[in-house]
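Subject: Two-chain model for you

Hi,

Here is the model I promised to pass on. Please open it alongside this note, and my findings follow below.

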Amino acid sequence: DPKIIQKPKYLVAVTGSEKILICEQYLGHNAMYWYRQSAKKPLEFMFSYSYQKLMDNQTASSRFQPQSSKKNHLDLQITALKPDDSATYFCASSQQLGGRSAETLYFGSGTRLTVL
Amino acid sequence: QEKVQQSPESLIVPEGAMVSLNCSFSDSASQSIWWYQQHPGKGPKALISIFSNGNKKEGRLTVYLNRASLHVSLHIKDSQPSDSAVYLCAVSYVGDNSKLIWGLGTSLVVNP
């Protein structure tokens, strides 16, 4: 059984629209993250949350807004979608936010977003 | 800006071969180095990590870290077709362990 559930698996959107990517983790972890993977680019860190609190934001655009309604949920709202936003978005979690040493990250299977 | 570079880009080997994957990083202030495996349509899965200079072995995997040369390698012994995947190197840095810097990966195909 997958321990980190991402919905939907595939998403097609039109330019200018808004979408929400869903992530739920059932590992009992306290830290959650969003990463983005685009073609020919390395996996890119976007956000980290610890105990439902935003800890780090490395996205340059305010069009990307994480939302944590419950401890094990971290959704990603993307507004005013652009074709450049096309990528696979991965949710991840770890027991704690990295302290003296980095924690093992556990990833979901991703949401593949295509913006036309 | 920290950078992580992996080589080769792709590799095709016969079943049972020893596989060697390389990763170079740009900053000696790195903390831990991780290797993740990613199958098509799936998220990355952690395989092994190393912090101290030297080597670490887990099952068929051995990782070697040389901080002086800013280089880490992953060796897979007795490779299996199920090992076919993309292998990602990721580095965490002092003061920012929550954020990993990733390489582009090495695509491995193990032919039966």
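What follows covers the disulfides and then the interface between the chains.

First, some housekeeping: this is a predicted model, so local features need pLDDT of at least 70 and side-chain atom pairs count only at pLDDT 80 or more, while totals for chains, interfaces and linings use all residues. Residues are numbered from 1 along each chain as its sequence is written, chains are lettered from A and ligands numbered from 1 in the order in which they are written, and side-chain values use heavy atoms, with hydrogens and water left out.

**Disulfides**

Over all chains there are 2 disulfides (a disulfide being a pair of cysteine sulfur atoms within 2.5 Å). In chain A, A:C23 is joined to A:C91, with an S to S distance of 1.9 Å. The torsion about that S-S bond is about -70°, so the disulfide is left-handed. A:C23 sits in strand β3 (residues 19-25) of chain A and A:C91 in strand β9 (residues 87-94) of chain A, so the pair ties together parts that are 68 residues apart in sequence. Strands (E, at least two residues) are DSSP runs, numbered from the N terminus. A:C23 and A:C91 are both buried, meaning under 20% relative accessible area with a 1.4 Å probe, protein chains only.

In chain B, the sulfur atoms of B:C23 and B:C89 lie 2.0 Å apart in a disulfide. The link of B:C23 and B:C89 is left-handed, with -75° about the S-S bond. Distant parts of the chain are linked here: B:C23 belongs to strand β3 (residues 19-25) of chain B and B:C89 to strand β9 (residues 85-93) of chain B, 66 residues apart. Both B:C23 and B:C89 are buried.

**Interface of chains A and B**

How many residues of each chain are in contact? Chain A contributes 25 residues and chain B 19, where contact means heavy atoms within 4.5 Å. About 1600 Å² is buried between the two chains, with carbon and sulfur atoms giving 55% of that area (the accessible area, 1.4 Å probe, that two parts lose on being put together, summed over both).

The rule finds 5 residue pairs in polar contact across this interface, both residues at pLDDT 80 or more. A polar contact is a pair of N or O atoms within 3.5 Å; within protein, one must be able to donate a hydrogen and the other to accept it, and residues adjacent in sequence count only if both atoms are side-chain atoms. On the side of chain A that touches chain B, β4 (31-37) and β5 (44-50) of chain A are the elements that give two or more residues. β4(A) gives the most, with 3 residues.

Best wishes

Notes: Helix = DSSP H or I, 4+ residues; strand = E, 2+ residues; numbered from the N terminus. Buried < 20%, exposed > 50% of the residue type's maximum accessible area, 1.4 Å probe, protein only.
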